[in-house]
Amino acid sequence: MQTYDAHARRVRLIALALATVAFLGLIGWGTQLVRTQMLENAQALGTKLARSYADREQARLGIYEMFLGYGASGLNDQIDNGADEQTTQRFLARFASGINTALGNATADPYVVIGGRIVAANPWVGDESYDYRTTGWYRGAIENEGKLAVTDAYTDAITGERIVTVSIALHGEGNVLAFDIPVEDLSSGSDAKEDGVGYVLFDSSDNLLACSGTADTDDPRFDEFLETLLIGVDEGTLEASDAVITGPDGNNLSVFYSHLDSGWLSVVTIPTSTLLISGGVTPGFVALAAFCLVLVGIAIIMLVRERRSARAIQEASDTVRILGNTYFAIYRINYLTDTYTTIKSSSDTAQVMGSSGTYDHFMDVLRTVVEQSTFDQFAENFSSESIRKREAEGVIEYGGRYLRRFGDEYRWVSVSSITNDEIGNGEAIICFRHVDGAMREEMQRQELLESALETAHQATRRQHIFFSNISHDMRTPLNAIINLTKMARESEGDTQKTDRYLGLLEEAGVQLETLVNDVLDMSQIEYAEQTVLDLEPMDLTVCAATAVDLVRAQAEREGKHIELTACDGSLWVKGDERRLGQILNNLVSNALKYSLEGARVDVRVGYADQLQDEGRKTRLFRIEVADTGIGMTREFLERIFDPFARETMFAPSGVVGTGLGMPIVKSLVQQMGGEITVQSELGVGSTFTLTIPFEVVEAPHAAGDAAEPLSAPASRDDGALPSFKGKRVLVAEDNPTNLLIVETLLGALEVEVVSVADGAQAVEAVEYGDPGAFDAVLMDMQMPVMDGCAAARAIRAVGREDTDSIPIIAVTANAFAEDAAAARSAGMTGYVTKPIDIGALAAALETAWNG
């Protein structure tokens with residue numbers, strides 16, 4: 001006994017050690033999972049930060065684009081009116097003064113090429129041989145044909161400063177407006193110094209425009225760092241969330257980047273150690289929260305700095321934001337003079353709209369593209385008078401959505417009129433943007449929601465009817481069980497009455513079991529994707545014969561004839577014998593249930609295809625169940641497979657059921673990859689046809705190694721019980737009532753019973769008992785401490801000859817195929833379902849001991 005206790009303690013210590021190792025491994029796995037999630041979240045936030053810097057750089061360029069646009073508009077008017085050079089120079093001087101006032105500095109020096117000569121606000125003093133035609137700013141403006149051109153950074157030949165030049169083509173051949181921008185006036189990344197955050201800005205030629213917070217630019221390793229950074233961006237090796245690059249100071253950096261419309265590259269670097277606390281000792285979520293706080297802190301600092309910006313830059317930035325690329329057309333409206341100026345126009349109306357015109361002309365052009373039924377309302381809401389009234393009422397933005405024609409199709413667009421003190425007195429902005437995709441998605445979502453709501457209502461109504469019916473069907477046998485039990489007690493001493501009541505009790509119990517099984521099978525339909533088929537070699541002919549034999553006695557009692565017709569010989573295939581048997585049992589029992597005395601039921605098994613290739617493994621098989629019963633109405637045939645439908649007309653008296661049989665059959669057939677069809681005529685009969693593909697296999701005796709399927713044995717129908725006197729069985733059952741039932745049933749079979757309360761005790765009884773002490777183990781599947789599958793594995797793992805061969809029979813209320821597969825994989829050799837039938841129990845033991 002002491003040796004047994006010491007061994008048990010060792011087992012428990014080893015189990016505790018294994019559990020500890022598993023727990024530590026789980027912690028390590030969880031930490032790694034959190035780390036990965038943190039890096040992925042950090043990548044999304046860092047990319048947004050890089051995008052925000054890129055947007056700000058783009059906005060600053062947009063300010064100069066706006067100034068160029070205004071300057072170009074004035075110079076084009078002068079060119080069209082034939083102004084001389086002095087007039088142009090005076091205009092440039094005023095233009096430069098206005099820019100410097102708005103920007104708060106005195107660095108802007110616009111210049112223009114007109115008629116082959118350079119005219120500047122401040123006359124140039126320098127090389128008279130300067131050839132502007134070879135410069136990037138001049139060629140870019142000519143090639144962009146009226147759109148902004150931005151050069152890469154270069155060193156000015158006169159001032160020696162690093163600059164970029166923005167330019168735009170003017171009216172007339174070869175005329176261009178341009179001015180230079182010092183590189184330091186462009187970069188917004190100087191505020192990216194907090195918490196180790198670095199910022200780098202490159203132009204499209206990979207020239208460094210700005211750098212802050214990354215390292216000392218005089219560090220000899222800095223140039224190597226920039227080269228490695230650019231290679232990583234070009235090759236895409238820095239896109240992964242866990243990608244890092246070594247900084248000039250030797251620390252690992254996480255890199256986030258975004259490209260500007262001009263082709264420039266905005267890069268943000270953050271030390272990886274800031275994102276993750278090294279060692280993983282502190283929970284990963286703390287590191288993620290710390291990183292989020294860093295980003296929030298940076299955002300707050302950026303907001304504070306932005307609020308300190310000059311009023312003129314803020315106003316210009318707001319204007320650029322309003323006229324952003326979100327809109328495909330933008331017009332500046334003067335509702336006092338009823339005129340408009342084109343800032344951006346749609347390609348299909350650009351030529352007709354021109355650069356400016358009267359507001360009546362503006363509306364006439366829109367009439368040709370706005371949907372006809374909508375235009376009158378559009379014209380009324382966006383008339384000059386309506387815009388003026390809204391501004392007087394303080395309505396800053398007003399708009400709506402309508403269908404606009406683009407070529408041969410109509411798409412949804414959004415229109416907005418914007419009034420603001422910063423825009424100008426008597427002026428408003430009207431802008432248009434595409435919203436077709438969003439509108440159609442919104443309408444589709446609305447349709448889907450309405451459809452889903454209607455489907456839900458229909459399902460609720462069907463479920464209400466179903467549960468009303470099933471409630472009645474279940475309460476009927478429950479009422480019988482409760483009252484017959486009471487009546488049996490009261491009839492004590494009257495053997496005839498007691499026997500009659502007990503017989504009725506048994507019938508009610510069987511009826512309730514059938515109802516419960518159908519409801520449980522129905523739950524499997526709701527989760528069909530989780531159902532596991534138990535595929536093993538099986539004989540289709542034997543499976544069909546079993547289904548017929550199970551009801552043959554019933555058919556004879558009811559005066560009905562049932563016949564099986566099958567192809568000659570065995571039909572060995574790989575399939576789920578239990579599930580196929582469930583299908584056939586359902587169809588055959590229904591055929592008997594819904595037929596009258598003298599009816600005939602035929603079950604036919606055969607091939608559904610012609611064998612073209614003898615080497616083909618998979619073939620189609622056809623199984624038919626035909627009866628000469630009462631048949632079904634045409635209306636019910638259309639919904640026979642509906643899970644919440646049940647035919648109650650023309651059924652023989654006393655027939656009850658859940659109405660779930662056919663939905664269960666269809667679900668199982670579909671899971672096997674097959675089809676089921678039904679033909680029926682009221683008063684004539686019904687024919688159910690199954691067409692299922694099966695892999696053809698050799699019979700087990702020929703193959704030699706085919707696996708035996710784990711299945712519940714059929715009950716013995718001859719009424720005689722075998723005697724197993726001299727056999728000793730270990731029963732593992734935690735429920736006292738169920739244990740009493742099993743002990744009583746085994747006692748009737750003259751079996752000696754040893755009982756334990758859980759799986760762990762069963763393992764100890766077998767492992768530490770005498771070898772061969774038990775002839776079999778009846779194992780409940782669900783028990784405390786250790787369940788049946790775990791206990792079966794532990795017994796098989798003992799390694800003795802008797803523990804390898806002892807029959808272990810599962811006793812379970814779980815009758816699904818996946819439960820049988822789990823039992824077999826755990827080393828069990830058979831199973832009996834609850835409620836236990838003594839005939840099935842005897843057959844299972846007989847099979848285990850005699851084969």
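**Exercise 1.** In which helix is confidence lowest, and in which strand is confidence highest, in the protein chain?

*Solution.* This is a predicted model, where local features need pLDDT of at least 70, side-chain atom pairs count only at pLDDT 80 or more, and totals for chains, interfaces and linings use all residues. Residues are numbered from 1 along each chain as its sequence is written, and side-chain values use heavy atoms, with hydrogens and water left out.

Start with the score: pLDDT is the predictor's confidence in each residue, from 0 to 100. The protein chain averages 78, and 74% of the residues score at least 70. The lowest confidence falls in helix α7 (residues 311-322), with a mean of 53, and the highest in strand β25 (residues 728-732), at 95. Helices (H or I, at least four residues) and strands (E, at least two) are DSSP runs, numbered from the N terminus.

**Exercise 2.** Find which strands β16 is joined to by bridges.

*Solution.* Two strands pair if DSSP finds at least two bridges between them. First, β15 (residues 397-406) runs antiparallel to β16, joined by 10 bridges; here G399 has S416 as its bridge partner. The two form a hairpin with 2 residues between them, and G407 in the turn has a positive phi of about 70°. Next, 6 bridges link β16 to the antiparallel β17 (residues 427-434), where H434 stands opposite V413.

**Exercise 3.** Why is β16 largely enclosed by the rest of the structure?

*Solution.* Count its buried residues (under 20% relative accessible area, 1.4 Å probe, protein chains only). In β16 (residues 409-418), 7 of the 10 residues are buried, so the strand is largely enclosed.

Note on methods: Buried < 20%, exposed > 50% of the residue type's maximum accessible area, 1.4 Å probe, protein only.
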